[in-house]
Amino acid sequence: MSKISLTNVRHSYLTEPKTDADWALKEMSVDWSDGGAYALLGPSGCGKTTLLNIISGLLTPTEGEVWFGDEEVSEMPPDQRNIAQVFQFPVVYDTMTVYDNLAFPLRNRGLSEPEIDGKVREIADMLDLAETLMTRASGLTADGKQKISLGRGLVRSDVNVIMFDEPLTVIDPHLKWVLRSKLKELHQKIGTTMIYVTHDQTEALTFADQVVVMQEGEVVQIGTPVDLFERPQHTFVGHFIGSPGMNVLGCSVDQGQPVFGGAPVAMSKKIGAYDANARLEIGIRPEFISFADQGIPVQIEKISDAGRFSIVETRHGDDVIKLLVPDGGAFPSDQAFLTFDPDHTHVYANDWVVTRGAYG
Amino acid sequence: MDNKTTNPKAWFFVLPVVVLVAFNAVIPLMTVVNYSVQETFGDNIFFWEGVKWFETVLNSERFHASLGRQLIFTSIILAIEVPLGVAIALTMPKKGVWVSVCLVLMAMPLLIPWNVVGAMWNIFALPDIGLLGHSINALGIDYNFTRQPFAAWFTTILMDVWHWTSLVVLLAYAGLRSIPDAYYQAAKIDGAKPWAVFRYIQLPKMKRVLTIAILLRFMDSFMIYTEPFVLTGGGPGNSTTFLSIDLVKVALGQFDLGPAAAMSLIYFLIVLLVSWVFYTLMMKDEDQ
């Protein structure tokens, strides 16, 4: 077990990448500390799986280095890297029993049968597979098969990292939650580094200590779920995480103060340096906007009841601003005014946050 | 569900197919059944003979000999074509332009009419002017498929392997292509050696297509007629007289319609029985 580092890694599936778009993975350096629970979050096609395959060794990056502890493994095949991977669709060896499936990686590594037996039974107990141990693996349900895939990683004592590539895609909704808590529990018990790829924010935020958000082959933010919520570093993080996503409103800056709709917006943080020609925007989550007696004048367009709160869609000029009103909150009848929470208002230049102290 | 409605009129929907099957299969077969239990001297005059022709055929040494040759031939064909087909499929490229090139090359022998294949190999294997026959003789090996039973068998089998291995290749290739990449990746991570990948991933995933391939090759090779007929005519002597060649000799050569009909039915039942048993055994685990 060791720390995993990616140094200046870049990857393209083309032999001669020319434009920016040819790179499936833009240059990045990321460290994964030993024993961490990470989630790789991003929309389909953003390069999550590419990044995962580079760590596992199924892909060799076009540029850059992959380090496991003090050893460079960039060119090393997956079986020598001591990693385990659970795929989107359950992979089981159909003709074998559950027991033989779990024993397979150990037998391939030449362990003795008594050793294998002990390990297999230990893991089977952990995964609640003990009762089905002697049945054919092909007869199991999708969640049972996914447990076997995971078990084949867990039986090995030399595993550096276990990677999950959207492992709950084919699992019934009511079992997803069960499996997810099982996973969390296992992580606490065995302490192996885990990297969990998903495009589902709930999965990512509940599983991980650290979430790596990706967009178009680029890592846009690495942080705890709270960081991503309160301090989105990129407008994409704001959009992608949260429901509904962050409001992003075009603005200008006058004497270090953002101006929206002709009026200055109060902010508890200072704006840092940015490119003079940059496109400037205010980012504020619906959770941090409230109705007030004065402020930004808006028209209420739509109210949707979402249970414990209502999502209110308002309009100011061409901009749509969404806010959350807790259940039982009053709605102004005619002309309404909004105020933004100064602690959670950020300014973005060309999509990247420029509010100083906004991150960390 | 108990609230199913039963409407006997639904049977009318199956009627067209019943009529079709009756005309193209059942009625012609009944003619054969008719001949197999009667004796005729022409003029549509029949005499009841019961199971006499079946006894004659089943006790005839000639039938035993051709059935034996047929079984050996089919066994050899399957033993060569199935492993060879799988091996070729495994070495075929997985993507790129060469895929289509390989597929077209593989499909080529399957497109050639049976009697053309026979004629081709007849000329190809002629000891004096044929490329194959002449070359073998030039190596110092005495080879003449029209005179030596072994050479005749060798040529017939070689011809069948050339003609039909492609079918196994195409089916096995289709089976291999349907295996998701994740299986290979998982095997790599589990540290599986190439043999284990073949044994635990590729072979199980090819099971269905291989079952079909073996069935098709069994039925086709068991009923083989045209190619050996054109190549060797069943000779030298009777050495390559397989079941269907013998059947034609009995039916059209000697005009023994009763024994020929009985032989046809026995022949048909063997093919049916073997196919059914084989298919049932192969599919036994699938239902679980």
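The model is predicted. The buried residues of α11(B) are L243(B), S244(B), I245(B), D246(B), L247(B) and V250(B). Just after this helix, F255(B) adopts a positive phi of about 55°.

The packing of α11(B) on α12(B) was examined next. Two packed helices are described by the angle between their axes and the distance between the axes. Here α11 (residues 243-253) and α12 (residues 257-283) of chain B pack at an angle of about 160°, and their axes lie 8 Å apart. Angles over 145 degrees count as roughly antiparallel, so α11(B) is roughly antiparallel to α12(B). The crossing of α11(B) past α12(B) is left-handed. On the α11(B) side, the contact is made by L243(B), L247(B), V250(B) and A251(B). The α12(B) side supplies L257(B), P259(B), A260(B), M263(B), S264(B) and Y267(B). Nine of these contact residues are nonpolar, one is polar and none is charged. An α-helix has 3.6 residues a turn, so residues three or four places apart point the same way. L243(B), L247(B) and V250(B) belong to the contact with α12(B), and L243(B), L247(B) and V250(B) are also among the buried residues of α11(B).

Chain A contains nine helices and 22 strands. Its C-alpha trace spans about 75 × 50 × 30 Å along the principal axes. Of its 360 residues, 39% count as buried. Among contacts in chain A between residues at least 6 apart in sequence, 66% join residues at least 24 apart.

Strand β21 (residues 346-349) of chain A is covered on both faces. In a regular strand the side chains alternate between the two faces of the sheet. H346(A) and Y348(A) lie on one side of β21(A), V347(A) and A349(A) lie on the other, and all four are buried.

β21(A) pairs with two strands. Strand β15 (residues 280-284) of chain A pairs with β21(A) in the antiparallel sense over four bridges. Within this pairing, L280(A) has A349(A) as its bridge partner. Strand β22 (residues 352-353) of chain A also pairs with β21(A) in the antiparallel sense, over two bridges. Y348(A) is bridged to V353(A) of β22(A). β21(A) and β22(A) form a hairpin, with two residues between them. In the turn, N350(A) has a positive phi of about 50°.

Note on methods: Residues numbered from 1 in each chain as written. Chains lettered and ligands numbered in written order. Predicted model: local features only at pLDDT ≥ 70, side-chain atom pairs only at ≥ 80, totals over all residues. Axes fitted to C-alpha atoms, helices over the stretch in contact; angles between N-to-C directions. Parallel < 35°, antiparallel > 145°, perpendicular 65-115°, else oblique. Left-handed = near helix turned anticlockwise from the far one by under 90°. Contact = placed C-beta atoms within 7 Å. Nonpolar A, V, L, I, M, F, W, Y, C, P; charged D, E, K, R; others polar. Buried ≥ 20, exposed ≤ 12 C-beta atoms within 10 Å, placed from the backbone. Pairing = 2+ DSSP bridges.
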